[in-house]
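I opened this notebook to record what I looked up in the structure. The entries follow in the order in which I made them.

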Amino acid sequence: MAALGRTVGNDNTSKFQLIAQKFSSLVYGRSEGDRQIVNALLDDLNALDFSRTVVTNVDKAVLIINQCCSLVPSNDTFLVAKGCHLINNLVEKQEVRVEGRTLTVAIQWCIQALKQCPSVASQDVLAALGVLIRGNGSKVQEHSQAILAILSPLLNTTLEFSGLSSPWELKLAALHCLEALSAPPVDGTPSEAEYLETCLKLFCNQLNMDKHPDQHESNHCKIILPALRGIENVVVQSSATGDLVGDVIGTSKAFMLFGLPSYQAIKPSRVLPAAVPICDVPPPVARGPKTIKGVGSRTRPPRKRSTPAKKKSDLNEDDDDGPHMAPSLPPQIPHSDVSWPYGSTGLDCSWRTSDSDYSDSEAPGSRLRSHHARIRQASLQLLLALIKVTDRRVMCGYWWSLLPDGLQATNTRTLITCLLRDPSPRCRTAVLIVLWTLLVGSRSYLQQAEHGDPSGSFIPFSVSLGNMLRELHRSLALALAAENAVLALTQLLRVVAILVQNTPYHKLQPGLLTKIVRSVRPLTVHKDVNIQVAALTVLGAVVAVLPSVPELTFCLMRPRFALFLNKGSSSPGVRKGVQSEGEFSGDDEEAYEEREEVELDAEEVEMEQIKYSSVVQNINTSDIDTPAQSIAGSGLPWILELCLRNLGCQSGSSGGVTKFDVIPEGTFAAAPVRVESLQVIGAMATCHFASAIAPNISVLQNALEVALKDTDESIRLHAARAVESIGLAMHKSLEDENGQTISMEVITLFWRELLSSSVTSLVQCADQPSLRAAACDCLANIGVSVFEKLSADQQILSFTLLFGCVNDEESLVRASAVRAIGLFSLYPCLRKDIQFTLDSIEAVSQSLKDENQIVRMKASWSLGNISDSLVFNRSEGCEEVPSNVLLELLQASVTASLDSDKVRANGVRALGNFLRLVSADAVRQHGVEVIDRAVNALTRNASVGSNMKVRWNACYAIGNMLKNPELFEHNINCQTTIFPVLCNLVHNFRNFKVRINAALALGVPEHRALYGQHFAAVWAALLAGLDNSEHMADFNEYKHRDALLDQICSSLCHIAALVTVEDLNGLHDELVLHQESLQQHLRRMEDSVVPERSGIFLGAANHANQLLSNPSLNGVQRTSALMLHTVFSLSQDKLTY
């Protein structure tokens, strides 16, 4: 058969070449005989089997198209139709790309044919025109106006065409042609706004037209679909602002429920943005008292028996042509709203477009349902495209029209309604993608939500947002219980995860997290690995909720009471003989009861849990499938227990003590499940260390050691990250002033065991740089307290491994190693070791020259830590590094301060410390040139640049430098360079943190001589900065205003204690101008000053009294001294009292 196929293909190719040669040599002469020759050649060409490879020479095929358009008159109906068939066959089936002059000739020929030929050939011409336009994008824009001029009458004319039996097909062909014309150019060339607006109007007109009485429903659907896709083409090329957003959302809402029962077709209408959700409050409905499952009585709906035929829906979940049913929902629960998205970037809308694409066995009803599903998916794809191109701040104004708030009627057209009502898994998946895209990046918007009473006449925006979040949680929990399509369920879980990450639970009513956890927990043992991973992702997001809420302890941190984690059971207490695949089919009573549980309120949840626990104790174990060794009595939080089981741990009791062992190889959970379990453990270490991790650290240590030795790189990597998170949490626990949650002995044992084998082996993974980098991060989080408890051998091993990784081939490893060295350099036991300090300096200096910016950034940060450690050593009288090494560090810091912003931020920090440490002898030996370069680098970084962190670090570094008076003995010009810059910044700079650090630096010099001739200018700048603190270009600076005022007042008190008699003349005018303001701010500061800082006020007051008692003062000087006494005497009286 294969040989026969090749023979047929070769025959087609040879025939094509022969006919093409004849066609290319033909010169059409307008005679009837020539017309017959052209007709015969076209018939022969179209008779070839174009489903096989026919064209081997693309240039020859393009030449044939050019000859066809040149030889066939545009008014010859039959030849035009045959020529269009040939163009279709060559371009669409043989993928011949037409460009350049031939494309222009072909398009102009089609336009003329549409003008001159009867309507019987128009459909063929439009099809040919469409394939020519499609894929050529910007190359046909020069013909766009002519094409629009010929298409507009075809689309706007009523459908009473004479001489044409199927007018709908002509309009459909014109729409497909217009859709191709509006497609975004492949080369990214922007389309003209006027041209896009014309296309948009034509598409919208088609959607607003009523269905003709004689028009079949399928024809009507075929016209809607390209119109929606055409609008999408326009949206992705437009700046979605203003009315366009409202129009597109209204169009999408009009068709997102198209064809579903109980939802009549509506015309698209513009949706207006709202500051708060707009809703129609339904009339109150009388509701009976709620009952808890197992308590009281209620009427159950009749149960349906599952049949083998229904299992096909799970296998063919993407088949939209069959008579799908919507996800099974409890009849008592109203179909509210629910939604979810996956990580895909778009939706597949490559649907069949003609009845010939269906087999004869498919019923007309199936075709119509398929048409309806395509329209719904196309409307959702349109909405997705709009969300992607619209600014999130603009899109937030339309949330009220897309999401429910619990006050609307249950049949409102929202995304949640689509999710719960749509029977097509593809459409439900599309809804979830839209919802996920809508929720991503919405954290700052949703943080405004809060719980409140929604029944008042006025509902605040924050309360409306809170109602929307509450309804989303309720609906998503309902969808989790109802969904049975694996792909949609996986995506639904990811939507839940992003919703949990963005919701401010501390400001909302309790119970939301409980609903989510109760719905997700059974899915952690689902048969599908992707669903297990997605379920663990949701639980990880719940664990990481900050600030933590008491509800988390109830739903996550309690021991497992009735959750059997054996694979194959979807819910607690699955009886033998009932086939369970980890998902709710809706056919058995247990699954029905589990679905209804998501409707319980928070109070009912706790009552049901207690009731359920008592019931579990009385269950006959012979009727339950349990694992060989249950760990229900271990006392672990059930989520930690789940993660440990996924990592290969099982429990066994010995003497009443529960011990965990590793399951033999081959019984582990799937690798993605183990990776996600490790991430959940890391989140628990970060957010719930005291309650979950600390009491079970020995159990975790065994599991992590096994994971660190796994053969899978991803598992070892995430195990190392879990160790890093646990180590950081341990370090914070030791520093906690409220008491340690774990003993030092346990922490030390934890690190000793890991350093002896697992972590050390990671550093030696030669072919896996990510593992080496993770090992360096683990070592960085040991902490000073634990490090000092390690043996000398392990201490030496730790930093020796880091020094070796500094020279690694991979930049990721070098960056992690140099960061860890920077942390080690602050450990007292290491910074006092001069040899370690010198080795660290060498490693960091080498990394500062690295070609990778991330390595240089980490090295710059470590250099700042080394500079801090050297300052500590001097203050404690420890051995210091040689002066030549200090000057080398000074030069390296100057180089770092000229690098990129991320490197400069810490480079200037180190530079200030090194200038503070440099001695007069070093300045005399090496000259002032090095000092000048350093000072110039600091002033330049403080005064120039858009990175505020660099500028305030530079100001702080200048303050450190001013603590070294020896610099001014040999470089008096420093004053001329530094003080004008600081005065200008503290006076009127827009960033308050920069002004705070500038004011701090101005108050550093201990002696009046260090200010030189700039003393009066410093006074004037600080007083002016005090008055200018009310002027803020950015209101975000308001939170730093009090700190700025306090720092300026402190600096003024400091320099007031340095005022000499000669300074009083120059201060007179400034004191007269600002006396009242200064006195007011000092009084405010005194009310909040801590006793430790009261000395600066007393020092200023005492010095003012001394100045005033000087008998040699002249009139101006005495006036100035009296004003100082008046201002600071208040401080003295109040603080003394």
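I took buried to mean under 20% relative accessible area, exposed over 50%, and partly exposed in between, with a 1.4 Å probe and protein chains only. The model is predicted, so I noted that local features need pLDDT of at least 70 and side-chain atom pairs pLDDT 80 or more, while totals for chains, interfaces and linings use all residues. Residues are numbered from 1 along each chain as its sequence is written, and side-chain values use heavy atoms, without hydrogens and water.

Cysteines. I found Cys955 buried because its relative accessibility is 0%. Cys221 is also buried, at 2%. I then looked for disulfides, meaning pairs of cysteine sulfur atoms within 2.5 Å, and the count was zero.

Asp422. I located Asp422 in the loop between α16 (415–421) and α17 (425–439); helices here are DSSP runs of H or I, at least four residues long, numbered from the N terminus. Asp422 has a relative accessible area of 0% and therefore counts as buried. I noted that Gly259 lies 163 residues from Asp422 in sequence, with 9.7 Å between their C-alpha atoms.

Helices α47 and α49. How do the axes of α47 (residues 992–1002) and α49 (residues 1041–1056) cross? They come within 8 Å and cross at roughly 15°, the axes being lines fitted to C-alpha atoms over the stretch in contact, with angles from 0 to 180 degrees between N-to-C directions. The two helices are therefore roughly parallel, a term for angles under 35 degrees. Among the residues in contact (heavy atoms within 4.5 Å) I listed Phe992 and Leu1000 of α47 and Leu1044 and Ile1048 of α49.

Definitions and conventions. Angles under 35 degrees count as roughly parallel, over 145 as roughly antiparallel, 65 to 115 as roughly perpendicular and the rest as oblique.
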